[in-house]
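Open the model in a viewer and keep the sequence panel beside it. The stops below are given in the order in which to select them.

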Amino acid sequence: MRWRGGAAVRSAYRHHSYRGAEFASLLVLLLPILSTDKLFSPLGRASPSLFSEWNAPKPMHPALLTGALEREISDERRNEIWSPLEHQGWKPCIKSSSTSSLSKLQNGYIQVFLDGGLNQQRMGICDAVAVAKILNATLLIPFLEVNPVWQDSSTFDEIYDVDRFISVLKDEVPVIRELPKEYSWSTREYYYGGVRATRVKTAPVHASVGWYIENVLPVLQSYGISAIAPFSHRLAFDDLSEDVQRLRCKVNFQALTFVPHINSLGEMLVKRLRQSVHSGSAESGKFAVLHLRFDKDMAAHSACEFGGGRAEKLALAKYRKVIWQGRVAKSSFTDWELRKGGKCPLTPEEMGLLLSALGFDHNTRLYLASHKVYGGESRIASLRKLFPLMEDKKSLASSSELAMVQGKASLLAAVDYYVSIHSDVFISASPGNMHNAVLAERTYNNLKSIKPNMPLLSQLFLNESMSWSEFEEAVLSGHKGRYGQIRLRKPNQSIYTYPVPDCMCRA
């Protein structure tokens, strides 16, 4: 539904629930063809989703879209947007131990079981190494749980270079691929089959060093092994020694590297993106990455509307019912109320308008880092109009070149991560684990990353009377200092989002 001002429209927004009988009858008629498998198809040009064929979403900001399509950008603006960040007085500072800091006496073996997607698991791996260091224990290569959303069963050694992981950490924490025979019984099946004395499942979120010493060390000393599950986000960000913090940085930025075929595929995509389409221009040989987080979970959980009308509302309501049994607090608010509060994720159209206002033109080589886009190709139609040179994995590589990663969400995300790290500019549509992980590594390497001003953009997109020039001016003014300028980590903030000062020091 497109925004229109006035009290009458806002009142209508507050009274858009349906009578029970009407709602039930509509569900009976529509849901057989509104299967979520068809509605939430991956981005692809070959076969549009049923959503796009039956009821394609309409542009939510047609006036701004027209202005953006007719925009003219000065050479000065182009040069500014593509210029690299100036040196900010910080440099990577992960000191390697000159001599081994390993103790000859180890307390036993630590196992962890990690859920979530690629980047949540990445943070868990870093924390697992730190906990092993704290407890003077040997770490078993972490077990990655099957992702419940994407049903991805990728293992650690399918994503990361295990030999390098072990080698980089050899003077810090001993890491092994398999447990000794006497502990071969300690498996995932064993721990999920009943109550086990060697399993620790009460670790609080952001647990302190003291908690691990009091609760996990005794298990290690009694049984020689401890399995911690769940483990995601189970180590504090504050009140840790400099050595432990430094070790987390070392794991994140040095030990965790992708397997060779992911790096090779990523490098191939980067080279193809750098092939000049318009030589002589400021963007010649350069490209930007847009991490577009607009999947079915985000769209449904936001309880917002995205231009697809009643069919979209019914489909998202059904998905909320199935996944969260309807328990989504925001669904009690109207779309207008959610947008006014800045609670709605930016759509592909809105990200296109933001990029246009910042100074990216139709010659921009834009790489779309996204697993699935809600609504498929029709959802990104406006974005593609603004950036006709937009690419993704499928458009840049052949099926045979993608064969080793196809159907594996974590491997596909790893390729996107690689391309994102090697781009000239990175921008993400909304905060999340991928956003945080990429921003941290780009900060570590002093690379330009644009952080959208979400509160500002929410208000701008609600203003239907705003002209393109007014929108452009407001966006530029509201994004000063948001191009990758270093921000020091504050108490309770994640070291995996803000690596300064823990991972970097003054140059």
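Select Gln-111 and Ala-227: Gln-111 stands opposite Ala-227 in S7. This is a predicted model, in which local features need pLDDT of at least 70 and side-chain atom pairs count only at pLDDT 80 or more, while totals for chains, interfaces and linings use all residues. Residues are numbered from 1 along each chain as its sequence is written, and side-chain values use heavy atoms, with hydrogens and water left out.

**Strand S7 and its partners**

Show S7, residues 225-228. Helices (H or I, at least four residues) and strands (E, at least two) are DSSP runs, numbered from the N terminus. S2 and S7 pair in the parallel sense over 4 bridges; two strands pair if DSSP finds at least two bridges between them. Val-200 of the model stands opposite Ile-228 in S7.

Are the faces of S7 covered or open? Both are covered, with Ile-225 and Ala-227 buried on one side and Ser-226 and Ile-228 buried on the other. Buried means under 20% relative accessible area, exposed over 50%, and partly exposed in between (1.4 Å probe, protein chains only).

**Ala-137**

Next select Ala-137, in the loop between helix H7 (118-134) and strand S3 (138-140). Ala-137 counts as buried because its relative accessibility is 1%. Display the residues around Ala-137: leaving out residues up to four places away in sequence, it touches Gln-106, Asn-107, Gly-108, Ile-110, Ala-132, Val-173, Pro-174 and Leu-220. Contact means heavy atoms within 4.5 Å. For Val-173, 36 residues from Ala-137 along the chain, the C-alpha atoms of the two are separated by 7.5 Å.

**The disulfides**

Select the cysteines. How many disulfides does a search of the whole structure find? There are 3, a disulfide being a pair of cysteine sulfur atoms within 2.5 Å.

Go to Cys-93 and Cys-505, whose sulfur atoms are 2.3 Å apart in a disulfide. The torsion about their S-S bond is about 90 degrees, so this disulfide is right-handed. Cys-93 lies in the loop between strand S1 (90-92) and strand S2 (109-114) and Cys-505 in strand S12 (residues 504-506), so the pair ties together parts that are 412 residues apart in sequence. Cys-93 counts as partly exposed at 21% relative accessibility, and Cys-505 counts as buried at 19%.

Move to Cys-249 and Cys-503, joined by a disulfide with an S to S distance of 1.9 Å. The link of Cys-249 and Cys-503 is left-handed, with -70 degrees about the S-S bond. Cys-249 lies in helix H13 (residues 242-255) and Cys-503 in the loop between helix H24 (468-478) and S12, so this pair ties together parts that are 254 residues apart in sequence. Both Cys-249 and Cys-503 are buried.

The sulfur atoms of Cys-304 and Cys-344 are 2.0 Å apart, and these residues form a disulfide. The link of Cys-304 and Cys-344 is left-handed, with -95 degrees about the S-S bond. Cys-304 lies in the loop between helix H15 (296-302) and helix H16 (309-324) and Cys-344 in the loop between helix H17 (335-340) and helix H18 (348-358), so the pair ties together parts that are 40 residues apart in sequence. Cys-304 counts as buried at 3% relative accessibility, as does Cys-344 at 8%.

With the bonded cysteines of the protein chain numbered in sequence order, the pairing is 1-6, 2-5, 3-4.

**Helix H21**

Select residues 409-421, helix H21: at 1.5 Å a residue, its 13 residues should span 18 Å, and its end C-alpha atoms are 18 Å apart, which agrees. The expected span of a helix is 1.5 Å times one less than its number of residues. H21 is mostly covered, with 12 of its 13 residues buried. Among the buried residues are Asp-416, Tyr-417 and Tyr-418.

**The largest pocket**

H21 gives the most to the lining of the largest pocket, with 5 residues. H7, H15, H21 and helix H22 (433-444) each supply at least two residues of that lining. The lining has 38 residues, of which Gly-117, Trp-150, Arg-293, Asp-295 and Asn-433 lie nearest the centre of the pocket. About 910 Å³ of space lies in the largest pocket. A pocket is an open set of points on a 1 Å grid over the protein atoms alone, where a 1.4 Å probe fits, with protein on both sides within 12 Å along at least five of seven lines; lining residues have an atom within 4 Å of a point. Grid points are joined across faces, edges and corners, and a volume is the space filled by probe spheres set on the points.
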